[in-house]
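Okay, thanks for having me, everyone.

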Amino acid sequence: MSDMGIHGHVRAQGSARARTCACEPVRTWKDEKPCDRGAAGDVWVFAEQRAGRMAGVVFELLGEGRKLANALGRRLAAVVLCGTVAPPVQELISYGADVVYLADDPRLEYVRDEPYALVLDRMVKRYRPDIVLFGATAVGRSLAPRLAGRLKTGLTADCTGLAIDPETGLLKQTLPAFGGNIMATIICRRTRPQMATVRPKVMKRAVADPLRRGEVIRFDVAPLAMKIRTSLIEFVKEVTDTVGIDAADIVVSGGRGLGGARNFGIIEDLARSLKAAVGASRAAVDAGWVPYSHQVGQTGKTVCPRVYIAVGISGAIQHLAGMQGADVIIAIDKNPDAPIFRVADLGIVGDLFEVVPALTEKIRKASAGA
Ligand SMILES: Cc1cc2nc3c(=O)[nH]c(=O)nc-3n(C[C@H](O)[C@H](O)[C@H](O)COP(=O)(O)OP(=O)(O)OC[C@H]3O[C@@H](n4cnc5c(N)ncnc54)[C@H](O)[C@@H]3O)c2cc1C
């Protein structure tokens, strides 16, 4: 195994047995060139943004990062890479960052892995954070492993819990493993920084304090020679007349029970009547009925709406992993023994082709009368 893979010591919670990776490299910051020692040991959050607008997960990472930094007695830093449009860095400070590292350069206008990983690599080597957190977004999932590879350190993907071990000061990175059947806690003992990605909507968002003050440090990217093998040809925005599932208050999801792409129209109708987003099980996505961006679950998105309506979805553990945080779960399925009913607050046992149109009709009438 290369020393660029995922390292660490994996322990199933509640079990006394522990496994330590025998090929774990022994490498600390001592191997690296001198750095800004005042910044060493801080907790970093990668502040993902597009055209000056922060990704929602950044505020969740700042909330979690603040707790970690406090536990370590270190500073919390947000790291922004951008082109000509500078994001509002004061926003990051008001949400908990003590320091904002800003790297701006026209070559960083759009997120591309090569230049982004190179700049982050240089920044990390210069300031030596102890912990670096990314959102498990499309950008974070692509960038974090590249950076970990360059730094020859460990990376734990899709964490649902982060904490500092009070005895060792190590970052305890917890995530569901083996299809969600156990929780594994991973530590990265010997390499730095300790790196993790966290799914959007899993951690609590930080609360803003507009009066907070912090420091902004500009990292000079201009002297860096960048070999960039990719170029952006076109930016295609997904066109949809419903809300995105990540941000929606209500999500209506359809599964294999729909039986075909065309039948998904009844899910879209119900969603439209409720101003809700359309989600889907993996079975529906794999069948090509809906795009992957709608998939809810372990290998899709985690959603945390006020109401989640599952239609023709049996409730496999991998699906539950993405929606169990909803405040109210409503299930519609013809099988009274479907596991989805075990997590549902309200259940309707019946044929979805009768139940869903009738429900949509009632909601439309009620909204029209309101
Ligand atoms: C590593 C891994 C990762 C995975 N990740 C995900 C993930 O991210 N998200 C995900 O969803 N799955 C994921 N899966 C797949 C998961 O295990 C299930 O196979 C999948 O969720 C099943 O989808 P479903 O509930 O739509 O289909 P089914 O399990 O086939 O359920 C269909 C349901 O529809 C009901 N039904 C049928 N006809 C009607 C009708 N006319 N009226 C009412 N009800 C009806 C049936 O009773 C049944 O309960 C993953 C699996 C693996 C191994």
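**Around the ligand, and a few other stops**

So, the shell around the ligand: its residues split into 6 nonpolar, 14 polar and 5 charged. In total, 25 residues surround the ligand, and the closest of them are Arg256, Ser281, Thr299, Ser314 and Asp333. Keep in mind that we're looking at a predicted model here.

Which helices supply at least two residues each to that shell? That would be α6 (282-286), α7 (317-320) and α9 (352-369).

Now some polar distances. On the oxygen side, an oxygen atom of the ligand sits 3.1 Å from a polar backbone atom of glycine 312. On the nitrogen side, a nitrogen atom of the ligand is 3.1 Å from a backbone N or O atom of lysine 334. There's also aspartate 351, where an N or O atom of the side chain is 3.1 Å from a nitrogen atom of the ligand. As for how covered the ligand is, it would expose 990 Å² taken alone, and the protein buries 76% of that.

Okay, confidence. The protein chain has a mean pLDDT of 87, and 87% of its residues reach 70 or more.

Next stop, helix α5 (residues 265-274), and serine 273 in it. Is serine 273 buried or exposed? Its relative accessibility is 14%, under the 20% cut-off, so serine 273 counts as buried. Its side chain reaches back to the backbone oxygen of leucine 270, at 2.7 Å. If you skip its neighbours within four places in sequence, serine 273 is in contact with Thr360, Ile363, Arg364 and Ser367.

Then have a look at isoleucine 309, which is in strand β17 (residues 307-311). Isoleucine 309 is buried too, because its relative accessible area is 6%. Not counting residues up to four places away in sequence, isoleucine 309 touches Val251, Val252, Ser253, Leu274, Ile330 and Ile332. And if you want a distance, go to methionine 323: it's 14 residues from isoleucine 309 in sequence and 9.9 Å away in space, C-alpha to C-alpha.

Last topic, backbone geometry. Most residues other than glycine have a negative phi, and most peptide bonds are trans. So here are some spots that go the other way. The peptide bond from arginine 192 to proline 193 is cis, with omega near 0 degrees. Proline 193 lies in the loop between β12 (182-187) and β13 (194-198).

For positive phi, take arginine 128, with a value near 50 degrees. Arginine 128 is found in the loop between α3 (113-127) and β8 (131-135), and with a relative accessible area of 5% it is buried. Lysine 275 also has a positive phi, about 55 degrees, although it is not a glycine. You'll find lysine 275 in the loop between α5 and β16 (277-280). With 72% relative accessibility, lysine 275 counts as exposed.

That's my tour. Over to you for questions.

Notes. Residues are numbered from 1 along each chain as its sequence is written. This is a predicted model: local features need pLDDT of at least 70, side-chain atom pairs count only at pLDDT 80 or more; totals for chains, interfaces and linings use all residues. Side-chain values use heavy atoms; hydrogens and water are left out. Helices (H or I, at least four residues) and strands (E, at least two) are DSSP runs, numbered from the N terminus. Buried means under 20% relative accessible area, exposed over 50%, partly exposed in between (1.4 Å probe, protein chains only). A polar contact is a pair of N or O atoms within 3.5 Å; within protein, one must be able to donate a hydrogen and the other to accept it, and residues adjacent in sequence count only if both atoms are side-chain atoms. Contact means heavy atoms within 4.5 Å. pLDDT is the predictor's confidence in each residue, from 0 to 100. A residue is near a molecule or strand if one of its heavy atoms lies within 4 Å of it. Accessible areas come from the Shrake-Rupley method with a 1.4 Å probe; for residues, only the protein chains shown count as cover. Ala, Val, Leu, Ile, Met, Phe, Trp, Tyr, Cys and Pro count as nonpolar, Asp, Glu, Lys and Arg as charged, and the others, Gly among them, as polar.
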